[in-house]
Amino acid sequence: MPEHMEVRLPDGVRLHVTATGPVDAEVTAVLLHGWTLDGRSWHRQLAGLRDRFGDRVRVLTYDARGHGRSSCMALRTATLAQLGDDLAAVVDQLVPSGPIVLVGHSMGGMTVMEYAHRHPDHFAARAAGLVFVSTTAEGHTHTAYGLSPRIARLIRLAETTGAGVLARCGAWRPPHALLRALRPSIRWMLFGDRCDPADIRLVTSAVAHASLRSIGGFRASIGAQHRLDTLAALGRLPAAALVGDRDRLTPPPCAESIAGALPTTELTVCPGAGHMLMMERPDDVTAAVAGVLHQVLSGTDAGTSGQRVGTPG
């Protein structure tokens, strides 16, 4: 059964953590969710990795500050830089020794990059492998929502303006009635050709548990981040990147630039899938994480980079 615990950060924020596997496992995988989501995003990977590795791998996932069951925070700390610091604190408190594999979806992938940028010695001493799922190292450079550039600019303007308003709304959470009305828009934005009704319910539930401060506050930092240089300095770490070819938020050029900066990356493009690959293509995501874990467990080199095509939906 999963174990639930809490990490208290230096500024008083409390992070809700879920763990499976023994504390003395050979490797620990830390799974970081995306913006407005929570650790439940990874429920299929938690089960899949447990089935594959048993007690050899411990898996941690936690709700980022202002998300899920973690507490809200001061607006000034709604930044990717702070999330990178939070990740370093989680590693120190919960994984004091042994190699770790960092797995990040969307904002979670950007958090991993920020951790590497802000804590290079700490990262180098602990990180043994990386998996990037539907994320980017270039802010909103490639985000066009699958629309024309002119329409995309209008949507981005509306989005950033709205985010500024939401950021000032504190710990309030989105009204359930509003989220029910927005469900078709959430489905269009986050999913590809097909969507399991249970998945859209889970995503809507996660958004309902995110504070308005976090929904609005992180937007500016997410749009501005550029960390390709950080990735290029990471050397020969085993790595994987996955993207859906219908992803409207972090389209394939985002993953391609990550693979270009970090040549050990195995790039997987999933036909027909959108932004929520952990749910839309759970087997592909679990296989990619397992592949990196196997390399870490066996001590093999990441080898040469390559590209494969994920399974169709």
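A salt bridge is a side-chain nitrogen of Lys or Arg within 4 Å of a carboxyl oxygen of Asp or Glu. In this predicted model, D11, R65 and D86 are linked in a network of such bridges. Side chains of opposite charge can pair when their charged atoms come close. Between D86 and R65 the N to O distance is 2.7 Å. The pair links distant parts of the chain, 21 residues apart: D86 sits in helix α2, and R65 in the loop between β4 and α2. Buried means under 20% relative accessible area. D86 is therefore buried, at 2% relative accessibility. R65 is buried too, because its value is 0%.

The count of salt bridges comes to 11. One of them joins E26 and R56, whose closest N and O atoms are 2.8 Å apart. E26 lies in the loop between β2 and β3, and R56 in the loop between α1 and β4, so this pair ties together parts that are 30 residues apart in sequence. E26 is partly exposed, with a relative accessible area of 43%. R56 is also partly exposed, at 37%. Another bridge joins R50 and D55, at 3.0 Å from N to O. R50 is partly exposed, with a relative accessible area of 38%.

Helix α1 spans residues 43–53. Its buried residues are Q45, L46, G48, L49 and F53. They pack against strands β2, β3 and β4, and against helices α12 and α13. After α1 comes G54, with a positive phi near 60°.

The largest nonpolar core has 51 residues. Within this core, L87, L102, F123, L130 and F132 touch the most other members. Helix α2, residues 80–94, gives the core its largest share, eight residues. Neighbours within four places in sequence aside, L87 is in contact with V30, L32, Y62, L102, T111, V112 and Y115. Another core, of 44 residues, lies apart from the largest one. Its members include L37, I200, L242 and A288.

Backbone angles complete the picture. Most residues other than glycine have a negative phi. T36 has a positive phi, near 70°. This residue is in the loop between β3 and α1. T36 counts as buried because its relative accessibility is 14%. S134 likewise has a positive phi, near 50°. The place of S134 is the loop between β6 and α5. With a relative accessible area of 0%, S134 is buried.

Technical notes:
Residues numbered from 1 in each chain as written. Predicted model: local features only at pLDDT ≥ 70, side-chain atom pairs only at ≥ 80, totals over all residues. Heavy atoms only, no water. Helix = DSSP H or I, 4+ residues; strand = E, 2+ residues; numbered from the N terminus. Buried < 20%, exposed > 50% of the residue type's maximum accessible area, 1.4 Å probe, protein only. Contact = heavy atoms within 4.5 Å. Core = buried A, V, L, I, M, F, W, Y, C linked by side-chain atoms within 4.5 Å.
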